[in-house]
Every structure is written in structure tokens, then in C-alpha cells.
Amino acid sequence: MSLFLIAGTITAGVALRLLPLGLPPPVTKHGGSLLWAAMVYWIVSTVRPRWPRPATTLVACAVTTGIELSQLLHWPPLDAFRRTPVGALLLGRVFAATDLAVYAFAVVIASQLDNHLRPKQRTG
């Protein structure tokens, strides 16, 4: 289930960002951000399947926040990686404070979805 969630989220996010779907730019930008943060949650929940959901949610929020804040750091090799398509998709390019709220919202939604999809997998 976890690998399906990760792969499906990545596929949807890449399609949203890279395919000419004719969507308004805010939908593409924030939709991609929502899916990216959900993907981070799925990865954390896969790596640590026995963690309680609140811990998984907090770690996913910390990871997404850390990556967004890293965009304030300008180190030539890191900036060069961010200019590549993979770097832009993984790390983003430009810091936006609004992304922090978008990521937190997406992680909470992914956690709630996880609660419905895998209710008996975690015991704490």
C-alpha cells in the first residue's frame, strides 16, 4: 500500500507540474506543493510504519519545513542542483512562507487519509 501511495502521489504531482493540463498557475503551484508534502508524509510513514500517526505527522512537517527553509540558503552546488528539473521538484527554488501552511495542511490531510486507509497497522 505504501509504495502505491508514494508512486501515485509522485505521478500526480509530476503530471500536475509538467503536463500542459490548462490549469490556472495557482492550482498547479499549490496543487504540486500539496502533493509533494503528502509524498513526504507517505515516505515517513513507510520508513517508520510503527510510529504513532502524530509522530509521523510532526516529522513530515519538520522535513517539509526544513526543505522550504533551506531555500533561504544559497550555496553554489545546492543552487546548481535546484536549477535541475529533479532539484526543482525535490527541493524547490524560491522560499515562500505560504508554502509552509500548504505543507502543514497537506501533511495533516495525508495523516487523516492514512488513518482511514491503514487503521490497524499502528499500535503506538
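Q: Which residue forms a salt bridge with Asp79?
A: Side chains of opposite charge can pair when their charged atoms come close. In this predicted model, Asp79 forms a salt bridge with Arg82, with the closest N and O atoms 3.2 Å apart. The term means a side-chain nitrogen of Lys or Arg within 4 Å of a carboxyl oxygen of Asp or Glu. Both residues lie in helix H4 (residues 76-82), three residues apart, about one turn of the helix; helices are DSSP runs (H or I, at least four residues), numbered from the N terminus.

Q: Are Asp79 and Arg82 buried or exposed?
A: Both Asp79 and Arg82 are buried. Buried means under 20% relative accessible area, exposed over 50%, and partly exposed in between (1.4 Å probe, protein chains only).

Q: How many salt bridges does the structure hold?
A: The structure holds three. One of them joins Asp99 and Lys29, the closest N and O atoms being 2.8 Å apart. This pair links distant parts of the chain, Asp99 in helix H6 and Lys29 in helix H2, 70 residues apart. Asp99 is buried at 3% relative accessible area, whereas Lys29 is partly exposed at 33%.

Q: Which side chain meets Arg53 in a salt bridge?
A: That of Asp114, at 3.5 Å, N to O. Arg53 lies in helix H3 and Asp114 in helix H6, so the pair ties together parts that are 61 residues apart in sequence.

Q: What limits apply to reading these values?
A: Residues are numbered from 1 along each chain as its sequence is written, and side-chain values use heavy atoms, without hydrogens and water. Local features need pLDDT of at least 70, side-chain atom pairs count only at pLDDT 80 or more, and totals for chains, interfaces and linings use all residues.

Terms used. Helix = DSSP H or I, 4+ residues; strand = E, 2+ residues; numbered from the N terminus.
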